[in-house]
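I wrote each entry down in the order in which I looked.

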Amino acid sequence: MKIRKLGAIDIGSNAMRLLINYVYEEEGKAPIFNKASIVRMPIRLGQDVFTDGKISNVNIDRICDAMQSYALMMKVYGIESYKAYATSAMRESKNGKDVVKKVLKKAGINIEIIDGKTEAELLFNSELGNFVKDDKTYLYVDVGGGSTELTLLKDNKISVSKSFEVGTVRLLEGKVNPDTFKIMQKWIKDNIGDTELELIGSGGNINHIYKYSGIKLGRPMGSFYVRKHYQILKSLDTDERMQRYNMKPDRADVVVYALEIYTNVLKWTGAKIIHVPKIGLSDGIIRSVYQDLEE
């Protein structure tokens, strides 16, 4: 058996992550993907970008430090290949390209800034393709710090996808256009109409809610539970959420905004359940790295 060691770096608006993944290859069998380590850094780029339009010098230094640590970790693990992708905050930052150049110079890591369409394709490129059933329609909802990606899945493939500039950090900072939710609702009406579907949720916030829901792993959450939990968390302050639900500070202050988005999408689609397979962008990046090696 051959073991390949791959890396994926996801630079979001609320945090950044390094995923170390082992791929087990055996002749005549499908490769097995095994998550060896995930290292999350709470560097909130969205707070800078959505307020001032650019990444602050303090956070540029923190990004460089984080990337240097990621580079060392990948060296220790013996990573064969990796990709580093940045999303919403870096996309919108006036100095995003300068930050990419500085990171490359200081840490030797080449960051690629991707658009919402590529983000959606990478997400579907993950294990999600194995999760969906051919005879069902799904709306994949990926709520990030700076944007929300909605992807309609039919016949086990992407039918249509759209990125909306509404995310948890953007809502926290009061930087969401008042019409954005109306635009999202119209998009859902135009592309989904009365189609019966199920939601698939992605992102750290919905993963945390699912983890503490008591629902058996693999089973979906009901829309009623999501709405009820939204009201419960909204009634608590940040400290109370941290203590009662064991949340990190940078999760506790944005989780309500994530549930606001999910609650709205559940209402507008009429979906009764939401699956939470705990699959994220970094998983899709790993698949992309592996596919490139196989070509």
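**Entry on alanine 120.** I began with alanine 120, which lies in helix H5 (residues 116-131); helices (H or I, at least four residues) and strands (E, at least two) are DSSP runs, numbered from the N terminus. Before going further I noted that this is a predicted model, in which local features need pLDDT of at least 70 and side-chain atom pairs count only at pLDDT 80 or more, while totals for chains, interfaces and linings use all residues. I also noted that residues are numbered from 1 along each chain as its sequence is written, and that side-chain values use heavy atoms, with hydrogens and water left out.

Is alanine 120 buried or exposed? I found that alanine 120 counts as buried because its relative accessibility is 4%, where buried means under 20% relative accessible area, exposed over 50%, and partly exposed in between (1.4 Å probe, protein chains only). Setting aside residues up to four places away in sequence, I listed Thr151, Ile158 and Ser161 as what alanine 120 touches, contact meaning heavy atoms within 4.5 Å. I then looked up isoleucine 109, which is 11 residues from alanine 120 in sequence and 23 Å from alanine 120 in space, C-alpha to C-alpha.

**Entry on aromatic pairs.** I read that a pair of aromatic rings is described by the distance of the centres and the angle of the planes. The rule I used is that rings of Phe, Tyr and Trp (its six-membered ring) pair if their centres lie within 6.5 Å, with planes under 30 degrees apart counted as stacked, over 60 as edge-to-face and the rest as tilted. By this rule I have three aromatic pairs.

One of them joins phenylalanine 33 and tyrosine 290, whose ring centres are 5.4 Å apart and whose planes stand at 80°, so I wrote it down as edge-to-face. Because phenylalanine 33 lies in strand E3 (residues 32-41) and tyrosine 290 in helix H13 (residues 281-294), this pair ties together parts that are 257 residues apart in sequence. I noted both phenylalanine 33 and tyrosine 290 as buried.

Another pair is made by phenylalanine 164 and tryptophan 187, with centres 6.0 Å apart and planes at 80°, so this pair is edge-to-face. Phenylalanine 164 belongs to strand E8 (residues 157-164) and tryptophan 187 to helix H7 (residues 180-191), so the parts tied together here are 23 residues apart in sequence. Phenylalanine 164 is buried, at 3% relative accessibility, and tryptophan 187 is buried at 12%.

I also checked for charges over rings, which requires NZ of Lys or CZ of Arg within 6 Å of the ring centre and within 35 degrees of the ring normal. Lysine 162 lies over the face of phenylalanine 164, at 6.0 Å from the ring centre, and arginine 170 lies over the face of phenylalanine 50, at 4.0 Å from the ring centre.

**Entry on serine 147.** Where does serine 147 lie? I placed serine 147 in the loop between E6 and E7, and its relative accessibility of 6% is why I counted it as buried. The side chains of serine 147 and glutamate 149 are joined by a polar contact of 2.7 Å; such a contact is a pair of N or O atoms within 3.5 Å, and within protein one must be able to donate a hydrogen and the other to accept it, while residues adjacent in sequence count only if both atoms are side-chain atoms. Leaving aside neighbours within four places in sequence, the contacts of serine 147 include Ser88, Asp142 and Phe164.

**Entry on the open sheet.** I traced six strands that form an open sheet in the order E8-E7-E6-E9-E11-E10, with mixed pairing, where two strands pair if DSSP finds at least two bridges between them. E8 and strand E10 (221-222) stand at the edges with a single partner strand each, so one side of each has no neighbour in the sheet. E10 pairs with strand E11 (residues 273-275) in the antiparallel sense over two bridges, and I noted isoleucine 274 in E11 as the bridge partner of methionine 221.

**Entry on helix H10.** At the start of helix H10 (residues 238-245), I found a side-chain oxygen of aspartate 237 within 3.2 Å of the backbone nitrogen of aspartate 239. Just after H10, asparagine 246 takes a positive phi of about 55°.
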